[in-house]
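The sequence and the coordinates come first, and the description follows.

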Amino acid sequence: MNELQRIWLDAYRGYLKAASYTGELCPSDYTAAGEHADAVLNSLMKAGEVACN
């Protein structure tokens, strides 16, 4: 797994943990988690914190 994939997956998992501490999630939680992870990665790339190789 490369660095970008790891960052995306960490953001995705973190969102899901925050969305439901009991582990009960609805389908929209997974969609929102993906959108959040995309936004985190895009922000880091725009800020120059990670390189897209």
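Which residues in H1 meet which residues in H2? From H1 the contact takes in Leu 4, Ile 7, Trp 8, Ala 11, Tyr 12, Tyr 15, Leu 16 and Ala 19, and from H2 it takes in Asp 29, Tyr 30, Ala 32, Ala 33, Gly 34, His 36, Ala 37, Asp 38, Val 40, Leu 41 and Leu 44. Contact here means heavy atoms within 4.5 Å. The residues of this contact comprise 15 nonpolar, two polar and two charged. In that division Ala, Val, Leu, Ile, Met, Phe, Trp, Tyr, Cys and Pro count as nonpolar, Asp, Glu, Lys and Arg as charged, and the others, Gly among them, as polar.

The model is predicted, and local features need pLDDT of at least 70, side-chain atom pairs count only at pLDDT 80 or more, and totals for chains, interfaces and linings use all residues. Residues are numbered from 1 along each chain as its sequence is written, and side-chain values use heavy atoms, with hydrogens and water left out.

The protein has two helices and zero strands; these are DSSP runs, numbered from the N terminus, with helices being H or I of at least four residues and strands E of at least two. H1 covers residues 3-19 and H2 covers residues 27-47; they pack at an angle of about 135 degrees, and their axes are 8 Å apart. This makes H1 oblique to H2. Angles under 35 degrees count as roughly parallel, over 145 as roughly antiparallel, 65 to 115 as roughly perpendicular and the rest as oblique. The axes are lines fitted to C-alpha atoms over the stretch in contact, and angles run from 0 to 180 degrees between N-to-C directions.

For the whole protein, the C-alpha atoms fill a box of roughly 35 × 20 × 15 Å along the principal axes. The accessible surface comes to about 3,900 Å², and 52% of it belongs to carbon and sulfur atoms. Of the contacts with a separation of 6 or more, 50% are between residues 24 or more positions apart. Buried residues make up 23% of the 53 residues, where buried means under 20% relative accessible area, exposed over 50% and partly exposed in between (1.4 Å probe, protein chains only).

Trp 8 is found in helix H1 and is partly exposed, with a relative accessible area of 26%. Leaving aside neighbours within four places in sequence, Trp 8 is in contact with Gly 34, Ala 37, Asp 38 and Leu 41. Ala 37, in helix H2, counts as buried at 0% relative accessibility. Not counting residues up to four places away in sequence, Ala 37 touches Trp 8, Ala 11 and Tyr 12.

Outside the helices, Tyr 21 is found in the loop between H1 and H2 and counts as exposed at 80% relative accessibility. Gly 48, in the segment after H2, also counts as exposed, at 55% relative accessibility.

The table lists C-alpha to C-alpha separations.

| Pair | Sequence separation | Distance |
|---|---|---|
| Tyr 21 and Ala 51 | 30 residues | 33 Å |
| Gly 48 and His 36 | 12 residues | 18 Å |
| Trp 8 and Met 45 | 37 residues | 12 Å |
| Ala 37 and Arg 13 | 24 residues | 8.8 Å |

Key
Accessible areas come from the Shrake-Rupley method with a 1.4 Å probe; for residues, only the protein chains shown count as cover.
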